Amino acid sequence: FNAAQKYTTDALSSAFFKNVCEKAGVPVQVFTNNSNVAGGSTLGNISQAHVSIPCVDIGLAQLAMHSSSEVAGVADMKMMVEGLTAYYNKHFTKDSENNFVIE
């Protein structure tokens, strides 16, 4: 998350993804930038402004791009695959009160 919306994630997309992962038994780690440190200058938030679908920034830490302390393990990849599989196997609708429902 970033208060200046430098990532695509918003409250709705975060809640959707966390809910799906929770139901699939996949843990989710949340990261929030310190408000006085710049970050999130990726293309995600720019491309999100041009599509009308909820988006969420997700990913595995990796040794190279950002920090030598970010390392992904085999278990991380397995959980990512399980979380994405669960997400893409869900159907999102709205109920009679215009609330989003995950089926």
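This is a predicted model: local features need pLDDT of at least 70, side-chain atom pairs count only at pLDDT 80 or more; totals for chains, interfaces and linings use all residues.
Visitor: Which residues are closest to its centre?

Guide: Pro 54, Cys 55, Val 56, Tyr 87 and Phe 92 are the closest to the centre, out of 13 residues that line this second largest pocket.

Visitor: And which helices each supply at least two residues of the lining?

Guide: H1 and H3 each do that for the second largest pocket.

Visitor: Let's switch to H1, then. How far apart are its end C-alpha atoms?

Guide: They are 20 Å apart. Helix H1 covers residues 11-24, and at 1.5 Å a residue its 14 residues should span 20 Å, so the two values agree.

Visitor: Which H1 residues are buried?

Guide: Ser 13, Ser 14, Phe 16, Phe 17, Val 20 and Cys 21 are buried. Looking down the axis of H1, the buried residues fall within an arc of 165°, so they line one face of the helix.

Visitor: Which exposed residues are on the face turned away from the buried side?

Guide: Ala 11, Glu 22 and Lys 23 are the exposed residues carried there.

Visitor: Now the ends. What happens at the start of H1?

Guide: There, Asp 10 has a side-chain oxygen that comes to within 3.2 Å of the backbone nitrogen of Leu 12.

Visitor: Which residue takes a positive phi just after H1?

Guide: Gly 25 does, with a phi of about 75°.

Conventions
Residues are numbered from 1 along each chain as its sequence is written. Side-chain values use heavy atoms; hydrogens and water are left out. Helices (H or I, at least four residues) and strands (E, at least two) are DSSP runs, numbered from the N terminus. The expected span of a helix is 1.5 Å times one less than its number of residues. Buried means under 20% relative accessible area, exposed over 50%, partly exposed in between (1.4 Å probe, protein chains only). The arc is that of the directions from the helix axis to the C-beta atoms. A polar contact is a pair of N or O atoms within 3.5 Å; within protein, one must be able to donate a hydrogen and the other to accept it, and residues adjacent in sequence count only if both atoms are side-chain atoms. On a 1 Å grid over the protein atoms alone, a cavity is a set of points where a 1.4 Å probe fits but cannot get out, and a pocket is an open set with protein on both sides within 12 Å along at least five of seven lines; lining residues have an atom within 4 Å of a point.
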